Amino acid sequence: MPDRCSWANSDPLYVTYHDEEWGVPVHDDRTFFEFINLEGAQAGLSWLTILRKREGYREAFANWDVEKVAQFTEEDQARLLENPGIIRNRAKIKATIGNAKAFIEIQKEFGSFDKYIWGFVGGTTIKNRESDVPAKTPESDAMSKDLLKRGFKFVGSTICYAFMQATGLVDDHAATCFRHQDS
């Protein structure tokens, strides 16, 4: 069995997520839309809770089709509040729909969300070499501030840092982890 980051050695969902996704650089807008909203949904909960509901989220939010989610109505919100496959929190559901609208505006302005979001790290993955992984950084602070200004919700600096880790904008794999990349 390969060495992994310590958090990935507990639940099989964690192991698969760590081994196949966490920290892999993303350049797909649909994947970015999924992760920014899943990270926000996780606020106050465990990531394992979100991983267990991930398929439910995909079904509930049109497979993360940002154009479709931006068109969700009050009736859709009411339907989602009854959906046990997701976190049934009114503010988080409403935020996801609002985030879709703000996401589209960024795509229009920058050509893609990918181009916009990678600008916060200069287009290159930040490879941390600290023994203690930070909860937030100046880059996540700047990202949070700008996303909030653009109308996003549930995108505080700590959530943005987790989003950066998940999508490979930063590499926080432990030095002993088989996914750790030396630069």
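1. How are H8 and H9 oriented to each other? In this predicted model, helix H8 (residues 138–149) packs against helix H9 (residues 157–166) at an angle of about 110°, and the two are therefore roughly perpendicular to each other. Angles of 65 to 115 degrees count as roughly perpendicular.

2. The axes of H8 and H9 lie 8 Å apart. H8 passes H9 in a right-handed crossing.

3. The contact between these helices involves residues from both sides. H8 contributes Glu139, Ser140, Asp141, Met143, Ser144 and Leu147, which meet Ser157, Cys160, Tyr161, Phe163 and Met164 of H9. By class, six residues in the contact of H8 with H9 are nonpolar, three are polar and two are charged.

4. Helix H2, spanning residues 29–41, consists of 13 residues. From its first C-alpha to its last, H2 reaches 18 Å, close to the 18 Å expected at 1.5 Å a residue.

5. H2 is largely enclosed by the rest of the structure, because eleven of its 13 residues are buried.

6. Thr176 is located in the segment after strand E2 (170–171). With a relative accessibility of 58%, Thr176 counts as exposed, the cut-off for that class being over 50%. Thr176 and Pro25 are separated by 151 residues in sequence and, C-alpha to C-alpha, by 20 Å in space.

Methods: Residues are numbered from 1 along each chain as its sequence is written. This is a predicted model: local features need pLDDT of at least 70, side-chain atom pairs count only at pLDDT 80 or more; totals for chains, interfaces and linings use all residues. Side-chain values use heavy atoms; hydrogens and water are left out. Axes are lines fitted to C-alpha atoms, for helices over the stretch in contact, and angles run from 0 to 180 degrees between N-to-C directions. Helices (H or I, at least four residues) and strands (E, at least two) are DSSP runs, numbered from the N terminus. Angles under 35 degrees count as roughly parallel, over 145 as roughly antiparallel, 65 to 115 as roughly perpendicular and the rest as oblique. A crossing is left-handed if the near helix is turned anticlockwise from the far one by less than a right angle, and right-handed if clockwise. Contact means heavy atoms within 4.5 Å. Ala, Val, Leu, Ile, Met, Phe, Trp, Tyr, Cys and Pro count as nonpolar, Asp, Glu, Lys and Arg as charged, and the others, Gly among them, as polar. The expected span of a helix is 1.5 Å times one less than its number of residues. Buried means under 20% relative accessible area, exposed over 50%, partly exposed in between (1.4 Å probe, protein chains only).
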